[in-house]
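Here is a structure to get to know.

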Amino acid sequence: MDNRALTRAFRLAAQLMELHDENPFKIRALEGTAASLEALSFPVAEVERSGLPDRTGLSKTAAAKVAELLDTGTFSDLQRLLDATPPGVVELLKIKGIGPKKIRALWRELGIESAEQLRDAAEADQVSKLKGFGQKTQQAILEALEFTDQSKGKLLYPQAEELGEALARRLREALGTDQVAVAGETRRRLETVETVALVAATDAPEKAHDLLNSLDGLVPAPAQSGPFAWRGTAAGSGVAVEVLLVAPEDFVNELFLQTATEAHLAEPLPSAAGQGPGQPATLRQWARREKFEREEALYERAGLQYLVPELREGLGEIALAAENKLPRLLEDGDIRGSLHNHSTYSDGNHSLREMATWLRDHGFEYLGICDHSQAAHYANGLSADRVRQQHQEIDQLNAELAPFRIFKGIESDILSDGALDYTPDVLASFDFIVASVHSNLKMDERKATDRLLRAIANPYCTMLGHPTGRLLLRRQGYPIDYKAVIDACAQHQVIIEINANPWRLDLDWRWVRYALDQGVQLSINPDAHHTDGYADTRYGVLMGRKGMLTKEMTFNTKSVDEAATYFAARKAAIKPSEVFRTSLFE
């Protein structure tokens, strides 16, 4: 059981305790244990049980619960609460935006014990009549249920990748071959995946069936399977799993066919690709006509530049490949610094020093610290005095850690009227500012777009953070006019982040090419609240690559000196009025 699983268990126990209206001090204790576990940088499961209090800093009581959870998969308080709660009510806790108190009222007053019953009650206008609910809450519940239904049977990309690679390893061992690969949506790096697809080469497909039918966590679907295809679902998530079994000589062709979209496979090849009479007219036809030992050879035979799997979407990439106009895509190793990260000054789990030294020790040149601004009370947002305190610490650390540098940033809330949090004199004290929306998310497209446009026009706005506020499979983003927002960023030279947190991946990769066409720079930002969060940068790079993002158009591929020069020049170009001149930091 890893630290994340431990954290989830304690948070669930706290939610259930609140659901049952138990002692608030005990609830806070469970939440505190969860927060402490989340902040640890080492695997708790590897610690001797007797040493848990010293290694984790937990009280003996909390450490005993952790030990019990590690040894048995549960602990007494959690199990007692689960035993007292219908499973359907526990599932309701997963619905975004419906907290334990509201679920308690629904359960106790309307007898609701499942999402289906909740939907029926809301559609019958029963929920709005409960004290503390009303029509708006009822409608929000219906929208949350609809979104939850749409998200069923789907996985975030990292989860799909982990499942696919685990199955591929088991198949390689069972079949004695390296010709096993993840295909489909996962290989194309889609942000959410409905089917985890694999292709495996074997002359004995029954071995693959025997393995897959025996694996814990997979539910076979015999009626949908056949001798050369195993189909089923993953228990828990319900995501579809499909394994195509092919002859070894067909492996490369079938992997290609099972990876690309229909639009990519069926698009007529341009005349520029050198197609003559009698030649295949599409990539699918080439894959059906000849056998290839490498996918690169297939594209070469079709007269095209090689297209990496993440580009095989059928969105104009074939025309570019025919004209040899595909750019060199951004790679992980191009990233030289990490911007938009949080520390213990706000809601992060590691100190400013820890966040900085981790990056330095892993070969990066700079950290952009962007703790939450004062309006984010829920996230311990920084008052002006605490901003000054942080800046003093940054100066001290920069003197100590040079040439590594910490840039003074902030994630300034975009307020309801589009203004940036803090007065201009405070905003002027930062090296750069990421502007993000965190509150009042229920907006129509016009209101959301206008709110962003005003923030973008603010001369202190350096970068737009997670433009739609979406949480994949959890919460829809607010609707925006993407073109208007991107055009405004181009006009005001505002960078747009691709928030690399797997729950966000926002800016959506489908708008990356439009941003690039308008000359807008993008920044791959992990939004890390923990040193482990830096690893999410990889997912942002993958999403950028899907939109044909290059090193040249990625802001944080700049060296520390280049980034410092850019920030300084942008600040120097601001012409503040007289009211801006008195600084809190003089």
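Q: Which cut-offs make a residue buried, exposed or partly exposed?
A: Buried means under 20% relative accessible area, and exposed means over 50%. The probe is 1.4 Å, and protein chains only are counted. What lies in between is partly exposed.

Q: What kind of model is this, and how are residues numbered?
A: Side-chain values use heavy atoms, with hydrogens and water left out, and this is a predicted model, where local features need pLDDT of at least 70, side-chain atom pairs count only at pLDDT 80 or more, and totals for chains, interfaces and linings use all residues. Residues are numbered from 1 along each chain as its sequence is written.

Q: Is Lys442 buried or exposed?
A: Its relative accessibility is 66%. Exposed means over 50%. Therefore Lys442 counts as exposed.

Q: Which side chain does Lys442 meet in a salt bridge?
A: A salt bridge is a side-chain nitrogen of Lys or Arg within 4 Å of a carboxyl oxygen of Asp or Glu. Lys442 sits in the loop between β11 (432-436) and α21 (445-457). Its partner is in helix α9 (residues 134-151), 299 residues apart. The N to O distance is 3.5 Å, and the partner is Glu143.

Q: How are helices and strands assigned here?
A: Both are DSSP runs, numbered from the N terminus. Helices are H or I, with at least four residues. Strands are E, with at least two.

Q: What span does α9 reach from its first C-alpha to its last?
A: The expected span of a helix is 1.5 Å times one less than its number of residues. α9 has 18 residues, and 26 Å is expected. The model comes close to that, reaching 26 Å.

Q: Which helix do the buried residues of α9 pack against?
A: The buried residues of α9 are Gln138, Ile141, Leu142, Ala144, Leu145, Phe147 and Ser151. Contact means heavy atoms within 4.5 Å. These buried residues pack against α8 (115-123).

Q: Is Lys408 buried or exposed?
A: Lys408 meets Asp395 in a salt bridge (2.9 Å, N to O). Asp395 lies in helix α19 (residues 384-401) and Lys408 in strand β10 (residues 405-413), so the pair ties together parts 13 residues apart in sequence. Asp395 is partly exposed at 42% relative accessibility. Lys408 has a relative accessible area of 15%, so Lys408 is buried.

Q: Which residue meets Asp508 in a salt bridge?
A: Asp508 is buried, at 9% relative accessibility. The N to O distance is 2.9 Å, and the partner is Arg510.

Q: How many salt bridges does the count come to?
A: Some salt bridges share partners, and these join Glu22, Lys65, Asp77 and Arg80 into one network. By the rule used here, the count comes to 36.

Q: At what angle do α1 and α4 pack?
A: Leu6, Ala9 and Phe10 in α1 meet Ala62, Lys65, Val66, Leu69 and Leu70 in α4. Axes are lines fitted to C-alpha atoms, for helices over the stretch in contact, and angles run from 0 to 180 degrees between N-to-C directions. The axes of α1 and α4 are 11 Å apart, and the angle is about 115 degrees.

Q: Which residues does Leu110 touch, not counting those up to four places away in sequence?
A: Leu110 is in helix α7 (residues 100-110). Leu110 counts as partly exposed, at 30% relative accessibility. The residues touched are Ala105, Ala121, Gln126, Val127 and Leu130.
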